[in-house]
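Student: I have a model open and want to learn to read it. Can we go through it in questions and answers?

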Amino acid sequence: MQLQVGMVLEGKVTGITKFGAFVALPDGKSGLVHISEIANTFVNDVHDYVQDGQTMKVKIIGIGDDGKINLSIKKAEAPEQSARPGRPPRPYSDRPRPGGFRQPMPRANGPTGDASFEDKLKHFMQESDSRMADNKMYADHRTRRRSR
């Protein structure tokens, strides 16, 4: 049988080291399950997850030019078991955020939003002047407090 990347096979653990476990595959070949491919959690000691002589499913994740076979136990598991729950999306909020993030530009000429370049530039300059004044006032306030 020709081994290919992505295949899931049954293998038997033949040796355990501090950096992983060697697994015997069909047709007399063997591969290494690196410590980072044993479980979805931090693995401090390989012996906590794998025992010598244990039979398990492994997935081929790489075959080197020199014939070395890289295996994974955690990727051989069913996708619903190995998938980490994603982070829930942040709720959208209309309230202004600290730091003064720019609000969307209002549409000047009706619902199509075809404002002229001059209108957009005027709006930008007004917004910029307003922010610069706020920043200057804040900076002046901070320097006055220090000089007291």
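**Reading the model**

Tutor: Gly 31 is buried, at a relative accessible area of 5%. Buried means under 20%, exposed over 50%, and partly exposed in between, with a 1.4 Å probe and protein chains only. This is a predicted model, where local features need pLDDT of at least 70, side-chain atom pairs count only at pLDDT 80 or more, and totals for chains, interfaces and linings use all residues. Residues are numbered from 1 along each chain as its sequence is written, and side-chain values use heavy atoms, with hydrogens and water left out.

Student: How far apart in space are Gly 31 and Leu 71, C-alpha to C-alpha?

Tutor: Start with the place: Gly 31 is in strand 3. Helices (H or I, at least four residues) and strands (E, at least two) are DSSP runs, numbered from the N terminus. In sequence, Gly 31 and Leu 71 are 40 residues apart; in space, their C-alpha atoms are separated by 6.3 Å.

Student: In what order do the five strands of the closed barrel run?

Tutor: Strands of a sheet pair through backbone hydrogen bonds, either parallel or antiparallel. Two strands pair if DSSP finds at least two bridges between them. Here the pairing is mixed, and the closed barrel runs 1-2-3-5-4.

Student: Are the rings of Phe 19 and Phe 22 stacked or edge-to-face?

Tutor: Rings of Phe, Tyr and Trp (its six-membered ring) pair if their centres lie within 6.5 Å; planes under 30 degrees apart are stacked, over 60 edge-to-face, and the rest tilted. That rule gives one aromatic pair. The centres of Phe 19 and Phe 22 are 6.5 Å apart and the planes sit at 85 degrees, so the pair is edge-to-face.

Student: How exposed are Phe 19 and Phe 22?

Tutor: Phe 19 has a relative accessible area of 39%, so Phe 19 is partly exposed. For Phe 22 the value is 33%, so Phe 22 is also partly exposed.

Student: Is Phe 117 buried or exposed?

Tutor: Phe 117 lies in helix 2 (residues 117-147). The relative accessible area of Phe 117 is 59%, so Phe 117 is exposed.

Student: Where is Asp 27?

Tutor: Asp 27 has a positive phi of about 65 degrees although it is not a glycine. Its place is the loop between strand 2 (20-24) and strand 3 (30-34).
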